[in-house]
Amino acid sequence: MSICVITGTHWGDEGKGKIVDYLGSRADAVVRSQGGNNAGHTVVVEGEKYIFHLIPSGILHSGIQCILGDGMVIDPASLIEEVHMLRERGREDRLKDLHVSGRAHLVMPYHRMLDGLTEKRRGNDALGTTGKGIGPAYEDKVARLGIRVADLLSEKRFAERLRYTLEYKNAILHKIFGEQPLTFEKVYSEYKRLGELIAPFVTDTSRLVHSLLNEGKKLVVEGAQGTMLDLDHGTYPYVTSSHPVAAGSLLGTGLGPVHGTQVIGICKAYTTRVGEGPFPTELSNPIGEFLRERGGEYGATTGRPRRCGWLDGVVLRYAVRVNALSSLVLTKLDVLGGLERVKICFGYRQGDSMLDDCPLDFGTMHTCEPVYQEFAGWEEDVSKVRHYIDLPRQAREYIEYIEDVSRIPVAIISVGQDRPATITRKEIL
Ligand code: IMP
């Protein structure tokens, strides 16, 4: 039995898409387990760029089962857009291996509206959500008002669920936000049409995953967002509404803590964050701008510029702990080339105290001052390097310090967007 969970170590956008695609060639199935189209996973194959928001990044390898798991919230219009994109780009044959959980929840039009309206009402305290309706969809799931993918397959049940929920949502839209209510007929007919398009993909994905594992197949679980955006373990309230940590990935796939699961942390060579919330190592200076421009740090989903800073080793150590990471994949090392000095934060100073872990109260994280280890940078362009030993000495020192801070090995190093731009020190799958 072989399960490999891929988890972002910081605030998302660590480059998980490329790594899942890279590992995909050795996997039999790739599963998305949480989140929805708030994610944006970029994969470049032979210079051609694909951005996936819902479909697992493994879809570009033939013969791999691609699964949208139980813990996801799925906007059916967005899913159908990705299905069309694959058809238009000559990848129609891959759709036979696409499977969507009947137990996943649907993102409805009122979720998108409420996401925007709630953010607006928060004013200066807005969270900076992606506006895709993800939070409100998970709210309904927990409130037991949600509508699931399987509900779409039965006209009667869908109509009943929608009528019940819509009445409640319209009251909120109208009475709290002064908006026009949504009409049942409009939402019903739009979702009925989308349901017909999605129906061929819907199945019991948890059962599918178990039977694949029983056949000895290899499974990659593609986490979305990152550890610090986890609802319980992240920088609450500046988090997403699902569980990007490894345990959440298993839960959303329909798996227990199965023996033989390895959890791999995807860590960018520097740190970024999109949206509001604390970010101790943020650089509001020309180095931050250099990282943004050189690293193309603009949201794959919203196009927003990402906040950039030095690698936060305290957060990394925390991610190792809460995810039970066994090794790291370091991404975007090439972006740092050309900087005179590079830094890694190994502790925080908060008032008179030195912290080697995240503060108990994330509400105070904005008062944490990073304490850095400094290194000489390297001039060389490392994007063509394929063997660890060929990296500049300074880059190797940087990587080895990451291993010291995290206390786990860096197994793979990504030095460019394309599949071959990868240095493997230790095979993962
Ligand atoms: P939501 O997930 O749209 O509710 O947004 C909540 C927070 O998570 C915001 O700060 C978003 O910017 C952030 N977020 C959501 N999805 C991603 C992602 O895929 N990458 C990075 N940040 C994300």
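Trainee: Which residues form one aromatic cluster?
Mentor: Phe-158, Phe-184, Tyr-188 and Tyr-191 form that cluster, where rings of Phe, Tyr and Trp (its six-membered ring) pair if their centres lie within 6.5 Å. The model is predicted, so local features need pLDDT of at least 70 and side-chain atom pairs count only at pLDDT 80 or more, whereas totals for chains, interfaces and linings use all residues. Residues are numbered from 1 along each chain as its sequence is written, and side-chain values use heavy atoms, with hydrogens and water left out.

Trainee: How many aromatic pairs does a search of the whole structure find, and what makes the pair of Phe-375 and Tyr-398 edge-to-face?
Mentor: The search finds 9 aromatic pairs. In the pair of Phe-375 and Tyr-398 the centres are 5.8 Å apart and the planes stand at 80°; because planes over 60 degrees apart count as edge-to-face, under 30 as stacked and the rest as tilted, the name follows. Phe-375 lies in strand β18 (residues 369–376) and Tyr-398 in helix α12 (residues 393–406), so the pair ties together parts that are 23 residues apart in sequence; helices (H or I, at least four residues) and strands (E, at least two) are DSSP runs, numbered from the N terminus.

Trainee: Why are Phe-375 and Tyr-398 called buried, while Ala-143 is called partly exposed?
Mentor: Buried means under 20% relative accessible area, exposed over 50% and partly exposed in between, with a 1.4 Å probe and protein chains only. Phe-375 has 9%, so it is buried, and Tyr-398, at 0%, counts as buried too. Ala-143, found in the loop between α4 (134–142) and α5 (149–152), has 45% and is therefore partly exposed.

Trainee: Why is helix α1 described as largely enclosed?
Mentor: In helix α1 (residues 16–24), 9 of the 9 residues are buried, so the helix is largely enclosed by the rest of the structure; among them are Lys-16 and Asp-21.

Trainee: How do you know that the ligand lies between two domains?
Mentor: Domain 1 (2–93 + 204–424) and domain 2 (105–200) both give residues to the shell around the ligand, so the ligand lies between them; the domain bounds come from an automatic or database domain assignment.
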